[in-house]
Amino acid sequence: MPALTDRFGRVHDYLRISVTDRCNLRCLYCMPEEGMTFTESENLLSYDQIVEVVEAGAELGISKLRITGGEPLIRPDLDGLIGRLSAIPGIRDIALTTNGIFLAKQAEALRAAGLNRVNISLDTLDSARFRFIARRGELKRVLEGIEAAAAVGFQPIKLNCVLLKEVNEDEIAAFLKLAYEQPMHVRFIEYMPIGHADENWRKHYLPLTRVLEVAEREGYSFNRGPNVHGNGPSEDYQIEGGRGSFGLIHPISDHFCSSCNRLRLTADGSIKPCLYWVDELNVKEALGNPEAMRRVLLRAMDIKPENHEMAAKLANEGLSHVPTDRRMSQIGG
């Protein structure tokens, strides 16, 4: 059996690495506009330390990495880290999730360093609405980043759109048109209550069945597939005659815990077996000792829960979209 197999038989070959918790945007579904406290730079894992964790992970079967933040392109010399990670034996795929603001200037260097793929956040195609959702930044720079990513050969390019009722719901058709006309994979993401389920979340939550309804209304013929390259839980669809595709990611109404294959390394040095669970392990105590680092990763397999608790918490508060037969099981493990 592969080394990183948890108590429920799930094999883990994928590590998400946060290189910073800072972000240049303040998206309304992610964080408040003011008052955020971020990790001081001296408390972040250094690139040497990140490489050390990945080397231990690769020996245990980790082969795929995703670089995240906050906004990862804020961190200086990220291409240097990518180059070092891509040289580790066993690492065969490195992806990046970004808001795209700084991507145009860095795309070529990232590609040359060994980055394989990019996911770019794009919640709207309207400049004024972009400022409303992100609270700062310019849509123009994101679009330039997408163009640069295509120009240097990143494939596939995935565009992540968080759907918000009464905010960008009316743009579903425009995003579907984009997926039809361009070789892009548009992924509609269910709005998640990160840290809490307040009234703002309830007001703007939109089940992703709405996307399929709009696709049918617009007259598209679509089928499940293709198998878009990547490690994510997207439910993918191909529009007949289209150059791209679209996908649905719904961690609340149709969670994907049973196929989870990932661990998460936080910017300040903790391994999280589950993003939506409180348990984590400190890797800093194992730095300089490869065997101790491997033990930390193996310990993460022992404490990983069967399901995340987010959907159950919402179901217990009366959210009707969560299937009844899953409500109690979310707290499992």
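The model is predicted: local features need pLDDT of at least 70 and side-chain atom pairs count only at pLDDT 80 or more, while totals for chains, interfaces and linings use all residues. Residues are numbered from 1 along each chain as its sequence is written, and side-chain values use heavy atoms, with hydrogens and water left out.

**The chain as a whole**

The secondary structure consists of 10 helices and 12 strands. Helices (H or I, at least four residues) and strands (E, at least two) are DSSP runs, numbered from the N terminus. The chain has 333 residues, of which 53% count as buried. Buried means under 20% relative accessible area, exposed means over 50%, and partly exposed lies in between (1.4 Å probe, protein chains only). The accessible surface of the chain is about 14800 Å², and carbon and sulfur atoms account for 48% of that surface. Such areas come from the Shrake-Rupley method with a 1.4 Å probe; for residues, only the protein chains shown count as cover. Contact means heavy atoms within 4.5 Å. Among contacts between residues at least 6 apart in sequence, 71% join residues at least 24 apart.

**Two helix pairs**

The axes used here are lines fitted to C-alpha atoms, for helices over the stretch in contact, and angles run from 0 to 180 degrees between N-to-C directions.

The axes of α1 (residues 47-59) and α2 (residues 78-86) come within 10 Å and cross at roughly 25°. α1 is therefore roughly parallel to α2; angles under 35 degrees count as roughly parallel, over 145 as roughly antiparallel, 65 to 115 as roughly perpendicular and the rest as oblique. From α1, the contact involves Tyr-47, Asp-48, Ile-50, Val-51 and Val-54, and from α2 it involves Leu-78, Leu-81, Arg-84 and Leu-85. These residues divide into seven nonpolar, no polar and two charged. In this grouping, Ala, Val, Leu, Ile, Met, Phe, Trp, Tyr, Cys and Pro count as nonpolar, Asp, Glu, Lys and Arg as charged, and the others, Gly among them, as polar. α1 passes α2 in a right-handed crossing. A crossing is right-handed if the near helix is turned clockwise from the far one by less than a right angle, and left-handed if anticlockwise.

For α3 (residues 103-113) and α5 (residues 139-151), the axes come within 8 Å and cross at roughly 20°. α3 and α5 are therefore roughly parallel to each other, and α3 passes α5 in a right-handed crossing. Leu-103, Ala-104 and Ala-107 of α3 meet Glu-144, Gly-145, Ala-148 and Ala-149 of α5. The residues of this contact comprise five nonpolar, one polar and one charged.

**Backbone positions in loops**

| Peptide bond | Omega |
|---|---|
| Gly-69 to Gly-70 | near 5° |
| Gln-155 to Pro-156 | about -5° |

Gly-70 lies in the loop between β2 (64-68) and α2, whereas Pro-156 lies in the loop between α5 and β5 (157-162).

Positive phi values also occur in residues other than glycine. Asp-77 has phi near 55° and is located in the loop between β2 and α2. With 59% relative accessibility, Asp-77 counts as exposed. Arg-135 has a positive phi of about 70° and is placed in the loop between α4 (127-134) and α5. With 25% relative accessibility, Arg-135 counts as partly exposed.
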